Amino acid sequence: MVTVSARQPTASDAPPGRAGAPDDAGRAPVLEAFLADAAQRAAAVDPGFEQLWHELSRLSAGGKRIRPRLVRTAAGAYPGGEPAPVVEAVGAAFELLHTALIVHDDVIDQDDRRRHQPTLNAAAAARAAAAGSAPEHARQYGASVGVIAGDLALAGAYRLVARSGIGPARLPQVLDLLDEALFASAAGELLDVDHALPGARPASEQVLAATCLKTAVYSFEAPLQAGAVLGGAPAEDVAALGRLGRAVGTAYQLVDDLLGVFGDPGATGKSVLSDLREGKRTMLVAAARRTPAAAELDAVLDGRRIGEAEARHARDLLERCGARREVEALVEQCAAEALALLGEAGLPAALDAELRRVVAGATERAR
């Protein structure tokens, strides 16, 4: 059974290489400098615009920095790589892409907490309410600010890559990987939204596809491949890292879905009501739909007026019908696939060792 409570790999685990030593845990100096510069530019336009950039900085801080670490780790494993500033800029681009996507995701899901803090849209809505806006207008204001902020972060990710100093032969490859990451994530998000429509009954295969597209490509597959490209890795290694990244990224998102229902908000910083309240058709729900608990669970989820009592009822159903065990088994299956791919790939030893830690950290976590 998957245990969502074990150690995660930290920045200090990353092996040294051409890209240089990892930053202090949780820091991304290139990204921080980019956001600080944008805030300074924005201050010359309007105080509210400056505040938006400070909010983006707040939301980007405190994360696990998985994506920059993966870029750095893959790049540092090969001897023909780009210099460290280029690698760090590309890693920062993938982290800024992540910030953009979670800001938009919070707007879509109407979430108000992330990383133990108000989401960007919730903070903006609170400011509007404090200024006298009616609740509905305040919520709309918050959503509008979230859309604008997410759009700026998306554009910033491309700017970071374009101005990173990558050699002209590698620049199109990295831009293509960034584009594929965004393209896949948007597809996964749309499927997620479609699957939450009243009466929607997506098959397990469709739900798993959305799970993979929404997170695995931009968080694991593309950063690993981009790092390999920057390091001058052979094409077969780049391809192998893509397959590995998709497997471990799918496992990561499945664990995230488990934590979204069964996790400890004190550890995750996120509500355990949000996914249920939004009627998200995760693999947990897809698994439950193949059991006699389906009708009862649908009645809870389709009602959408989910409080603590209804959430406890839903969790109890997901436990008793075996859905939680099935998803935990799927996590283990994805992790086993990732390890098998590693065994076949013949990657550099330091990279292989670090990626084994990444697999463990992605599948055995509390947040």
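Which residue forms a salt bridge with Glu55? The partner is Arg58, and the closest N and O atoms of the two are 2.8 Å apart; a salt bridge here is a side-chain nitrogen of Lys or Arg within 4 Å of a carboxyl oxygen of Asp or Glu. This is a predicted model, in which local features need pLDDT of at least 70 and side-chain atom pairs count only at pLDDT 80 or more, while totals for chains, interfaces and linings use all residues. Residues are numbered from 1 along each chain as its sequence is written, and side-chain values use heavy atoms, with hydrogens and water left out.

**Background**
- Side chains of opposite charge can pair when their charged atoms come close.
- Searching the whole structure gives 21 salt bridges.

- Glu55 and Arg58 both belong to helix α2 (residues 47-60), where they are three residues apart, about one turn of the helix; helices are DSSP runs of H or I with at least four residues, numbered from the N terminus.
- Glu55 and Arg58 are both buried, a term for under 20% relative accessible area, calculated with a 1.4 Å probe on protein chains only.

**A pair between helices**
- Glu88 and Arg72 form a salt bridge with an N to O distance of 3.0 Å.
- This pair links distant parts of the chain, since Glu88 lies in helix α4 (residues 84-109) and Arg72 in helix α3 (residues 66-76), 16 residues apart.
- Glu88 is buried, as is Arg72.

**A network**
- Arg114 and Asp105 meet in a salt bridge at 3.9 Å, N to O.
- Salt bridges with shared partners join Asp105, Asp106, Arg114, Glu189, Asp192 and Lys214 into one network.

Notes. Helix = DSSP H or I, 4+ residues; strand = E, 2+ residues; numbered from the N terminus. Buried < 20%, exposed > 50% of the residue type's maximum accessible area, 1.4 Å probe, protein only.
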